[in-house]
Amino acid sequence: QMQLAESGGGSVQAGGSLRLACVASGYIAGSFCMAWFRQTPGKAREAIATMDTERRLAYDDSVQGRFTISKDKVQNILYLQMNSLTPEDTAMYYCATGPHPGAYGGRWCLGPEEKYPFWGQGTQVTVSS
């Protein structure tokens, strides 16, 4: 069974950077997606950066060019490098993983959250002006 744990959140000024990490234990057989989601009050969790088994990447337009998803394949750690942060990036950030069935491209991993059965507990990111 998969278990995920995020870390690296905190408070940062606008224009700053943070790197989130998600340590995963256990494995999903076959193809799978790995993703970073974020959630603000009153909103559903939104996928912002994803990677599939073939290391194909996909980003939401809101973070394109500022955030980078990567994975340490040896230690099974998923990272999210966040640069040029703005107050609009303030949210609870979650990592998630789930199966990637069929012959789909990497963008299939971009939501919705119902595709993902395994979640971390979340880490808060707060960006001040």
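**Charged pairs, disulfides and a pocket**

Tutor: Let's start with Asp-52, which is buried, with a relative accessible area of 0%. Keep in mind that this is a predicted model.

Student: Okay. Which residue does Asp-52 form a salt bridge with?
Tutor: With Arg-56. The closest N and O atoms of the two are 2.6 Å apart.

Student: And is Arg-56 buried or partly exposed?
Tutor: Arg-56 is partly exposed, with a relative accessible area of 35%. Asp-52, by contrast, is buried at 0%.

Student: Why would such side chains pair up at all?
Tutor: Side chains of opposite charge can pair when their charged atoms come close.

Student: How many salt bridges does the structure hold?
Tutor: Four. One of them joins Glu-113 to Arg-45, with the closest N and O atoms 3.0 Å apart.

Student: Where do Glu-113 and Arg-45 lie?
Tutor: Glu-113 is in the loop between strand 9 and strand 10, and Arg-45 is in the loop between strand 4 and strand 5. The pair therefore ties together parts that are 68 residues apart in sequence.

Student: Are they buried or partly exposed?
Tutor: One of each. Glu-113 has a relative accessible area of 19%, so it counts as buried, the cut-off being under 20%. Arg-45 is at 23%, so it is partly exposed.

Student: Got it. What about Asp-89?
Tutor: Its side chain meets that of Arg-66 in a salt bridge, 2.8 Å from N to O. Asp-89 lies in the loop between strand 8 and strand 9, and Arg-66 in the loop between strand 6 and strand 7, so the pair ties together parts 23 residues apart in sequence.

Student: How accessible are those two?
Tutor: Asp-89 is buried at 1% relative accessibility. Arg-66 is buried too, at 18%.

Student: Which residues are linked with them in a network?
Tutor: Arg-38 joins in. Arg-38, Arg-66 and Asp-89 are linked in a network of salt bridges.

Student: New topic. How many disulfides are there?
Tutor: Two. Cys-22 and Cys-95 form one, with their sulfur atoms 2.0 Å apart. Cys-22 lies in strand 3 and Cys-95 in strand 9, so this pair ties together parts that are 73 residues apart in sequence.

Student: And which cysteines are in the other?
Tutor: Cys-33 and Cys-109, also with an S to S distance of 2.0 Å. Cys-33 sits in strand 4 and Cys-109 in the loop between strand 9 and strand 10, so the link spans parts 76 residues apart in sequence.

Student: Are those links left-handed or right-handed?
Tutor: The link of Cys-22 and Cys-95 is right-handed, with 60 degrees about the S-S bond. The link of Cys-33 and Cys-109 is left-handed, at -75 degrees.

Student: Buried or exposed?
Tutor: Cys-22 and Cys-95 are buried. Cys-33 and Cys-109 are buried as well.

Student: What's the pairing in sequence order?
Tutor: Number the bonded cysteines along the chain and you get 1-3, 2-4.

Student: Last topic, pockets. What is the volume of the largest pocket?
Tutor: About 310 Å³. Its lining has 22 residues, with Phe-32, Met-34, Lys-71, Asn-76 and Thr-97 nearest the centre.

Student: Which strands supply at least two residues of that lining?
Tutor: Strands 3, 4, 5, 8 and 9 each do.

Student: And what is the lining like by class?
Tutor: It has 14 nonpolar, four polar and four charged residues.

Definitions and conventions. Residues are numbered from 1 along each chain as its sequence is written. This is a predicted model: local features need pLDDT of at least 70, side-chain atom pairs count only at pLDDT 80 or more; totals for chains, interfaces and linings use all residues. Side-chain values use heavy atoms; hydrogens and water are left out. On a 1 Å grid over the protein atoms alone, a cavity is a set of points where a 1.4 Å probe fits but cannot get out, and a pocket is an open set with protein on both sides within 12 Å along at least five of seven lines; lining residues have an atom within 4 Å of a point. Grid points are joined across faces, edges and corners, and a volume is the space filled by probe spheres set on the points. Helices (H or I, at least four residues) and strands (E, at least two) are DSSP runs, numbered from the N terminus. Ala, Val, Leu, Ile, Met, Phe, Trp, Tyr, Cys and Pro count as nonpolar, Asp, Glu, Lys and Arg as charged, and the others, Gly among them, as polar. A disulfide is a pair of cysteine sulfur atoms within 2.5 Å. Buried means under 20% relative accessible area, exposed over 50%, partly exposed in between (1.4 Å probe, protein chains only).
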